[in-house]
Amino acid sequence: MNHSDKPATIAAHAAGAIDAQSGGVVPALQPSTTFMRDADYNLLRADNTYSRDNSDNVRQAEKVLQALEGAEETLLFPSGMAAIAAVFRTLPNNAEVILQSGIYWGTTVWVRDFCQRRDVKLHEVDAEELPQACKAIKANLVFIETPSNPWLKTVDIAALRSIIDGLLVVDGTAATPVLTKALAFGADIAMHSATKAINGHSDVLAGVLSTRDPGTAMWQAICADRKMAGAVLGPFEAWLLTRAMRTLPLRVERMSQNALALATFLHAHPRIDDVLYPGLPHHPGHGVARQQMNGGFGSLLSVLVAGGRNEALAVIGKLNLFLRATSLGGVESLVEHRHTIEPDTGIPENLIRVSVGIEHIDDLVADWTQALAS
Ligand code: PLP
């Protein structure tokens with residue numbers, strides 16, 4: 001692999017992972033938890049001691065993500081939440097944090113609880129108010145999500161970087177490293193739930209953190225925490241992830257094309273009040289998305305059905321191809337009534353969150369056409 005290879009090439013070749021021993025063009029799965037020493041008590045391989053520390057399959061998947069992200073170092077975790085928790089656990093007691101509001105509900109709930117237990121001062125700030133808040137508050141850490149789930153708000157990473165002294169962590173799950181390389185815009189840590197489009201087959205839970213500067217105290221603390229507290233991805237999941245990522249750029253391209261086409265169709269439909277999707281020109285974050293997202297606008301959108309809860313649930317009930325299940329970024333399209341999941345957070349009752357897969361767009365549009373027919 002060359003340094004200048006394009007994402008599709010890096011991914012298709014799994015960043016050069018082959019099985020040198022057998023000559024296989026895909027890496028072998030090595031599930032061993034422990035690794036041998038010779039008669040002189042030297043490790044057979046100096047980089048393999050015990051698999052909480054590291055292992056070939058985890059390293060292989062990290063290498064692909066590191067190359068796609070343009071990072072200096074990348075660490076995998078057993079879920080997106082484990083990756084987020086690893087970042088926050090490095091904060092000293094009495095630290096100050098700015099957390100974007102209206103992001104993935106699981107993040108908000110966990111961060112609130114963590115900050116309360118650890119005497120960390122938490123400021124929850126809407127995407128639009130972030131520049132003002134970041135100027136006014138000297139936060140140790142600013143955590144943002146762009147595009148956000150399920151509001152699809154976009155945040156200008158480079159603009160925030162220019163006014164923040166503390167650490168900037170960007171959850172780019174809805175964009176993937178294929179569309180947005182947050183580190184290149186000034187993020188200190190790029191974070192993703194790899195459970196979503198990075199794996200893309202709804203069969204692996206994983207999370208990822210990447211940095212440009214592995215020497216920082218925070219990154220060193222994250223590395224130590226993963227190893228010693230043991231939030232590591234298993235080799236089989238890492239192997240599956242490496243396999244899935246071979247098609248990541250291809251899947252992201254098709255999902256983004258489908259999502260834009262579906263969003264455009266739904267936005268023009270008389271039974272739809274609005275479509276939240278950064279790829280649509282009327283979206284308030286379209287300009288930022290165009291600067292920051294290269295090659296598409298991702299697979300996630302939210303649809304506001306004319307009417308209320310009953311009308312939204314009736315449409316969801318009639319959809320056939322869009323499976324009624326939580327999550328996003330898989331090859332199969334999904335829908336979710338977010339208000340049912342988080343009833344007290346201001347999510348409109350007529351909002352349907354849609355994750356668009358790689359099916360044929362004509363079939364996806366036909367499914368919504370019949371579901372919206374009265
Ligand atoms: N970040 C975002 C934007 C998400 O949507 C999710 C899960 O839905 C997470 C983080 C948490 O990831 P995981 O479910 O892999 O723990």
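Visitor: Does Leu 183 count as buried or exposed, and at what relative accessibility?

Guide: Leu 183 counts as buried, at 2% relative accessibility. Here, buried means under 20% relative accessible area, exposed means over 50%, and partly exposed is in between, using a 1.4 Å probe and protein chains only. A quick word on the ground rules: this is a predicted model, where local features need pLDDT of at least 70, side-chain atom pairs count only at pLDDT 80 or more, and totals for chains, interfaces and linings use all residues. Residues are numbered from 1 along each chain as its sequence is written, and side-chain values use heavy atoms, leaving out hydrogens and water.

Back to our leucine. Leu 183 sits in the loop between helix 7 (176–179) and strand 6 (189–193); helices (H or I, at least four residues) and strands (E, at least two) are DSSP runs, numbered from the N terminus. Leaving aside residues up to four places away in sequence, Leu 183 touches Glu 69, Gly 70, Ala 71, Asp 188, Ile 189, Ala 190, Ser 210, Thr 211 and Arg 212, where contact means heavy atoms within 4.5 Å. Pro 92, on the other hand, is 24 Å from Leu 183, C-alpha to C-alpha, and 91 residues from it in sequence.

Now for helix 2. Helix 2 (residues 56–69) packs with helix 9 (residues 235–245) at an angle of about 35°, their axes 8 Å apart. Those axes are lines fitted to C-alpha atoms over the stretch in contact, and angles run from 0 to 180 degrees between N-to-C directions. On the helix 2 side, the contact uses Asn 57, Val 58, Gln 60, Ala 61, Val 64 and Leu 65, while helix 9 brings residues including Pro 235, Trp 239 and Met 245.

Several residues of helix 9 are buried, among them Pro 235, Leu 240 and Ala 244. Their cover includes helix 1 (7–12), helix 2, strand 1 (73–77) and helix 10 (248–267).

Stepping back, the chain divides into domain 1 (7–245) and domain 2 (248–372), with bounds from an automatic or database domain assignment.

Last stop, the cysteines. Counting a disulfide as a pair of cysteine sulfur atoms within 2.5 Å, there are zero disulfides. Cys 134 is in none, and the nearest cysteine sulfur, that of Cys 115, is 15 Å away. Cys 134 is buried too, with a relative accessible area of 6%.
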